[in-house]
Amino acid sequence: MKFELDLLETIAYDVLDEDEIFSNVWVLSIMKNKGYFQNVSDDMTLKEAITVYRKLLNIK
């Protein structure tokens, strides 16, 4: 799960924007189809997805 959070943060803060919709990021959608990001719905923003993973990992 930490890997997934790191990837979300990198894409949201260094590549795209945190308000981008998860399913619009093709590489994340491909990874979800391979079993990653199962805690994220396709219509979440990257910011919302980051919040989910921070809660799951108890990171503030």
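Q: Which residues of H2 are buried?
A: This is a predicted model, in which local features need pLDDT of at least 70 and side-chain atom pairs count only at pLDDT 80 or more, while totals for chains, interfaces and linings use all residues. Residues are numbered from 1 along each chain as its sequence is written, and side-chain values use heavy atoms, with hydrogens and water left out. Helices are DSSP runs of H or I with at least four residues, numbered from the N terminus, and buried means under 20% relative accessible area, exposed over 50% and partly exposed in between, with a 1.4 Å probe and protein chains only. By these terms, the buried residues in H2 are Leu28, Ser29, Met31 and Lys32.

Q: Which residues of H3 are buried, and on how wide an arc do they lie?
A: Buried in H3 are Leu46, Ala49, Ile50 and Tyr53. These residues sit on the same side of H3 because, around the axis, they cover an arc of only 100°.

Q: Which helices are among those covering the buried residues of H3?
A: An α-helix has 3.6 residues a turn, so residues three or four places apart point the same way. Over the buried residues of H3, the cover includes H1 and H2.

Q: How are H1 and H3 oriented towards each other, as roughly parallel or roughly antiparallel?
A: Axes are lines fitted to C-alpha atoms, for helices over the stretch in contact, and angles run from 0 to 180 degrees between N-to-C directions. The axes of H1 and H3 come within 10 Å and cross at roughly 155°. Angles under 35 degrees count as roughly parallel, over 145 as roughly antiparallel, 65 to 115 as roughly perpendicular and the rest as oblique, and the crossing angle therefore makes H1, relative to H3, roughly antiparallel.

Q: Is the crossing of H1 and H3 left-handed or right-handed?
A: Where these helices meet, Glu4, Leu5, Leu8, Glu9, Ile11, Ala12 and Tyr13 in H1 face Leu46, Ala49, Ile50, Tyr53 and Arg54 in H3. A crossing is left-handed if the near helix is turned anticlockwise from the far one by less than a right angle, and right-handed if clockwise. For H1 and H3, the crossing is left-handed.

Q: At what angle do the axes of H1 and H2 cross?
A: Phe3, Leu7, Leu8 and Ile11 in H1 meet Val27, Leu28 and Met31 in H2, and the crossing of H1 and H2 is left-handed. The axes of H1 and H2 come within 11 Å, and their crossing angle is roughly 165°.

Q: What is the relative accessible area of Phe37?
A: Phe37 is placed in the loop between H2 and H3, and has a positive phi of about 55° although it is not a glycine. Leaving aside neighbours within four places in sequence, Phe37 is in contact with Glu4, Leu7, Leu8, Phe22, Leu28, Met31, Lys32 and Tyr53. Phe37 counts as buried because its relative accessible area is 0%.

Q: What is the relative accessibility of Asn58?
A: Asn58 lies in the segment after H3, and its phi is near 55°, a positive value in a residue other than glycine. Most residues other than glycine have a negative phi. Asn58 counts as exposed because its relative accessibility is 69%.

Q: With which residues is Thr45 in contact, leaving aside its neighbours within four places in sequence?
A: Thr45 lies in the loop between H2 and H3 and is buried, with a relative accessible area of 16%. Leaving aside those neighbours within four places, the residues in contact with Thr45 are Glu18, Asp19, Glu20 and Ile21.

Notes: Contact means heavy atoms within 4.5 Å. Helices (H or I, at least four residues) and strands (E, at least two) are DSSP runs, numbered from the N terminus. The arc is that of the directions from the helix axis to the C-beta atoms.
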